[in-house]
Amino acid sequence: MATAPAADRGRTVIADKVVERVASIATSEIEAVIDTRTGWTKLVRKGLPHAEAVVAGGTSRITVEVAATWPTPLAQVAAQVREHVSRQVSDITGVTVTRVDVTVADVVHLEATEARVH
């Protein structure tokens, strides 16, 4: 029994929201990125990381906003986010990432944050 060609069996659509979620999770995996979406930090800071994506024709453009830890060089954080998000989105969704724009929207001094909690 012959299998129908892939194009005849149907198509797979990866929604923008799926790519955004994968990009957001991938961003939070970077050591120098702080997740401000949970706990008390979401009350005083913007919920970061945040990702937006546009998927068209198997490719995507992604915009990511992050909060970085002080005193990590911000260009280094942006490069790590860009590389990791591109790889993870491509590996997990099969969508080719053509561009990742990174905005460092906040910087968090962890010692100052811990001092306020106590």
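Predicted model: local features only at pLDDT ≥ 70, side-chain atom pairs only at ≥ 80, totals over all residues.
User: Let's start with the strands. How do E2 and E3 pair?

Analyst: Strand E2 covers residues 50-56, strand E3 covers residues 59-69, and they pair in the antiparallel sense over 7 bridges.

User: Which residue stands opposite Thr-59?

Analyst: That's Ala-56, with Thr-59 sitting in E3.

User: And how many residues are between the strands in that hairpin?

Analyst: There are 2 residues between the strands, and Gly-57 takes a positive phi near 60° there. Gly-58 is also in the loop between E2 and E3.

User: Okay, new topic. Where is Trp-70?

Analyst: Trp-70 lies in the loop between E3 and helix H4, which runs 74-93.

User: Buried or exposed?

Analyst: Trp-70 counts as exposed because its relative accessibility is 54%, and the cut-off for exposed is over 50%.

User: Which residues make the nonpolar surface patch?

Analyst: Trp-70 does, along with Leu-74 and Val-107, and the patch comes to about 290 Å².

User: What kind of peptide bond joins Trp-70 and Pro-71?

Analyst: A cis one, with omega about 5°. Pro-71 has its place in the loop between E3 and H4.

User: And the bond from Leu-48 to Pro-49, cis or trans?

Analyst: That peptide bond is cis, with omega near 5°. Pro-49 is found in the loop between helix H3 (41-44) and E2.

User: Let's look at H4 itself. How many residues has it got, and how far does it reach?

Analyst: H4 has 20 residues and reaches 28 Å from its first C-alpha to its last, close to the 28 Å expected at 1.5 Å a residue.

User: Which residues in H4 are buried?

Analyst: Val-77, Ala-78, Val-81, His-84, Val-85, Gln-88, Val-89 and Thr-93 are buried. They cover an arc of only 145° around the axis, so they end up on the same side of H4.

User: What's exposed on the other side of H4?

Analyst: Ala-75 and Asp-91 are exposed there.

User: And Gln-76, where does that one sit?

Analyst: Gln-76 is in helix H4 too. With a relative accessible area of 41%, Gln-76 is partly exposed.

User: How far is Gln-76 from Ala-32?

Analyst: They're 44 residues apart in sequence, but 9.4 Å apart in space, C-alpha to C-alpha.

User: Switching to charges now. How many salt bridges are there?

Analyst: The count comes to 3 salt bridges.

User: What does Lys-17 bridge to?

Analyst: Lys-17 forms a salt bridge with Glu-20, and their closest N and O atoms are 3.5 Å apart. Both lie in helix H2, residues 16-28, and they're 3 residues apart, about one turn of the helix.

User: Which residue forms a salt bridge with Glu-83?

Analyst: Arg-87 does, and the closest N and O atoms are 2.8 Å apart. Glu-83 and Arg-87 are 4 residues apart in helix H4, so about one helical turn separates them.

User: What's the accessibility of Glu-83 and Arg-87?

Analyst: Glu-83 is partly exposed, with a relative accessible area of 43%. Arg-87 also counts as partly exposed, at 36% relative accessibility.

User: Okay, which residue pairs with Asp-101 in a salt bridge?

Analyst: Arg-99, with the closest N and O atoms 3.0 Å apart.

Methods: Residues numbered from 1 in each chain as written. Heavy atoms only, no water. Pairing = 2+ DSSP bridges. Patch = residues over 30% accessible without salt bridge, like charges linked within 9 Å, V, L, I, M, F, W, Y side chains within 5 Å. Areas by Shrake-Rupley, 256 points an atom, 1.4 Å probe, with all protein chains shown as cover. Salt bridge = Lys/Arg side-chain N within 4 Å of Asp/Glu carboxyl O. Buried < 20%, exposed > 50% of the residue type's maximum accessible area, 1.4 Å probe, protein only. Expected span 1.5 Å × (residues − 1). Arc of directions from axis to C-beta.
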